[in-house]
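Biologist: I would like to learn how to read a few features of a model. Could we take them one at a time?
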Amino acid sequence: AEYEEDFSLKIEGRADGIFTDGDLTVIDEIKGVYLPVQDLEKPLFIHQAQAMCYAYIVAENENLDEIGVQLTYCHMETEQVVRFRETFSRIEIVQWFRNLMDEYEKWAVYQYDWKKQRNASITELTFPFSYRPGQKELAAMVYHTVEKGKRLFVEAPTGVGKTISTVFPAVKAMGEEVCDRIFYLTAKTITRTVAKETFSILAENGLCYKTVLLTAKEKICPMEACSCNPVDCPYAKGHFSRINDAIYALLQERDCFDRDTVLEYAERFMVCPFEMSLDMSLFSDAVICDYNYLFDPYVHLKRFFAEGTKGPYLFLVDEAHNLVERGREMYSAQLVKEDFLTLKKTVKEYKTGLDKYIDRCNKELLALKKEQCDMVVESAGSFTMQLSRLHSAIGTYLEDHEDSPVREEILQFYFEAGRFLDVSEQLDDHYRIYTRLREDGSFLIREYCIDPSLRLQECMDEGVASILFSATFLPIQYYKQLLGGTKEDFEVYASSAFHKEQMQLLLASDVTSRYTRRCELEYYHIASYISDIVAQRNGNYMIFFPSHQFLEQVYNCYMDRFYIEETQECITQQEYMNEAAREQFLKRFAIAEPHPDTDDRSRAASWESLVHMEIEQEDKSLLGFCVLGGIFSEGIDLKGESLIGAIIVGTGLPQVCFERELLKDYFNAEGKNGFDFAYRYPGMNKVQQAAGRVIRSETDRGIVALLDDRFLQTGYQKLFPREWQSYRCVTGATCAEAVDNFWKYTKDDK
């Protein structure tokens, strides 16, 4: 069907079967399903419409007077078959198809017109700021990578402006039709907000762009409980009859589809906001979302990422150091023996017929518990076979008992078992199967993905190019290997925009967090360091510890021996904090930013004018005792006086555990340094992230103190970023003087 002379709409597809029955040509569309086919009274509309499109094409091409449309449903397990057939005259099928095209015309016209408007705005778009040092080169490298269809791994220190430096060239590449959609992938909600603001800045500078922020179903559902059932949810009931109007209205009236906007329109049209946000991604130029929408096989966007297909997509992966551990979790699976017993108790009184299958699985797990507990298992084939039979039996039960009072409990187990079986089919040398007897007495079997690189690479291959960036991406070869990079892919270390004089890095040579040295005296020495640092200038400080237990020991010592109530306030990160508690903790550090038009400490202020400026001190110091690698050591942005110091106790090494030792052994066998891969690299990443909370803008000044003598070792110092090369080694006797000298630094002292 053609519309005017601007564009033509081409409809194509591959019919499952075309055969003749006497003089009648029949289109056969075959669907493999798990639905109880014997209960189907007519074909599903979407399947019927697909087959009728094929029928129109064949009838027109073959000049047929009439044509048959057949839907064949085959149950995937029982192989039971049900068929529905209907015959249409050529007039009927042509009229049906033209009506369909008339309905679709406004969508096709909208998309065509919008793309022209978008690309025209991209052509006129210029970089919205003055380039910082190294920023222009980074943007050029991103554009070059997209143009070449490669991957780029970017170590981008804080202050480079990595978000705008990647988004801007990505948008420009879209204007050259190198790609047609950007996926901005993040690990945390806060980073998605930064990405949204970046696209908003470009929009203020003339960019015409549609952007959607995907929010988890639980966080966007307006109901008290997420029950996607038309009986329970008024938004689900009649959703499909109203969703097209809702989408079209939103497209005409807004450009940014964030959580609040989607909720507003979902309420207005009474549609499911989660499903609506997913639908909006089809009409968006940029999709801002969590990693799992691309990389997790159970959550990924099937609208775009079908297995083995490649689309015109560009992937921008923010804070990509997080993707290593996230990838391992996405591609791993585990089951707990006690959950099988719980399932048996749940279904016992309902005569489900599942008991014998559960018992067989439990028997296999019991044998593993007795013979191969706390060790790597070469094969779990016998257990997997029994689990497959249980999984199939549960599927049959769920199909036949939609109103079962225990349906939700059984369904949850069904999904977990299915995940384990799916991972079983992916097992290769990158995996280890192991069993563990946990502290609570439960017994688990786990399929653990040690090296997720291949799976991550396969996902990124579904787009034209990928840009992976982080402020803490050292050593770059470690991340490049585990995130699916190849020798042909690019890497770049962006220059820092900050002056080295803005931060004083201190390395303490006479304290440590080693287990062998942990005692009251060592806690006292660490507390003394904290006291000496904060005593030189009132302000906000965060102190990071390897664990909650270590935090508590030093905190108690500090409060007993060094705390000064008149000039200090101490708060601690609790082991379990909900979102409200986290926000309240961070609000304590919030200090209003000075207005750029009235304060010399504006962004436009030169470093030379800043260093000799008299800085007004706070009346009190706020000390936040936090856990390294926790919720406050990454992804928070405390600029200016909101944070003037970070004190980091220990090297951040993960605790020795079974999985970490598996990682170490695996990489040792690969000819790598297993300790580095399993412990040192992840630990130093946490240290760098915590340290990165201090200097967030051109006008910030602050102290970073690393309290562990191991930081003086070559193995750790080779992992220091370039910005850390000018450090000062201190002891308990010289620390206070070093901090005092930093705060007294003036232009004349240079």
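Biologist: Is D709 buried or exposed?

Modeller: The model is a predicted one. Buried means under 20% relative accessible area. D709 has 18% relative accessibility, so D709 counts as buried.

Biologist: Which residue forms a salt bridge with D709?

Modeller: A salt bridge needs a side-chain nitrogen of Lys or Arg within 4 Å of a carboxyl oxygen of Asp or Glu. Here the partner is R517, and the closest N and O atoms are 3.8 Å apart. R517 sits in the loop between β19 and α18, while D709 sits in the loop between β24 and α24, so the pair ties together parts 192 residues apart in sequence. R517 itself is partly exposed, at 31% relative accessible area. Salt bridges can also share partners: K115, R118, D180 and D285 are joined in this way into one network.

Biologist: How many salt bridges does the count come to?

Modeller: The count is 40. One of them joins the side chains of R303 and D279, at 2.9 Å from N to O. This pair links distant parts of the chain, with R303 in the loop between α10 and β12 and D279 in helix α9, 24 residues apart.

Biologist: How many residues of helix α9 are buried?

Modeller: Eight of its nine residues are, so α9 is largely enclosed by the rest of the structure. Among the buried residues are P273, F274 and D279.

Biologist: Where do R328 and E325 lie?

Modeller: Both are in helix α11, three residues apart, which is about one turn of the helix. R328 is buried, at 1% relative accessible area, and E325 is partly exposed, at 33%.

Biologist: Which residues of α5 are buried?

Modeller: They are T191, R192, A195, T198, F199 and L202. Seen down the axis of α5, the buried residues fall within an arc of 115°, so they line one face of the helix. They pack against α4, β8, β9 and β11. Helix α5 has 16 residues and reaches 23 Å from its first C-alpha to its last, close to the expected 22 Å. After α5 comes G206, with a positive phi near 110°.

Biologist: Which residues make the nonpolar surface patch of about 420 Å²?

Modeller: L35, L44, F45 and I46 make it. I46 belongs to helix α1 and counts as exposed, at 58% relative accessibility.

Key: Residues are numbered from 1 along each chain as its sequence is written. This is a predicted model: local features need pLDDT of at least 70, side-chain atom pairs count only at pLDDT 80 or more; totals for chains, interfaces and linings use all residues. Side-chain values use heavy atoms; hydrogens and water are left out. Patches are made of residues with over 30% relative accessible area and no salt bridge: like charges are joined within 9 Å, nonpolar side chains (Val, Leu, Ile, Met, Phe, Trp, Tyr) within 5 Å. Accessible areas come from the Shrake-Rupley method with a 1.4 Å probe; for residues, only the protein chains shown count as cover. Helices (H or I, at least four residues) and strands (E, at least two) are DSSP runs, numbered from the N terminus. Buried means under 20% relative accessible area, exposed over 50%, partly exposed in between (1.4 Å probe, protein chains only). The expected span of a helix is 1.5 Å times one less than its number of residues. The arc is that of the directions from the helix axis to the C-beta atoms. Contact means heavy atoms within 4.5 Å.
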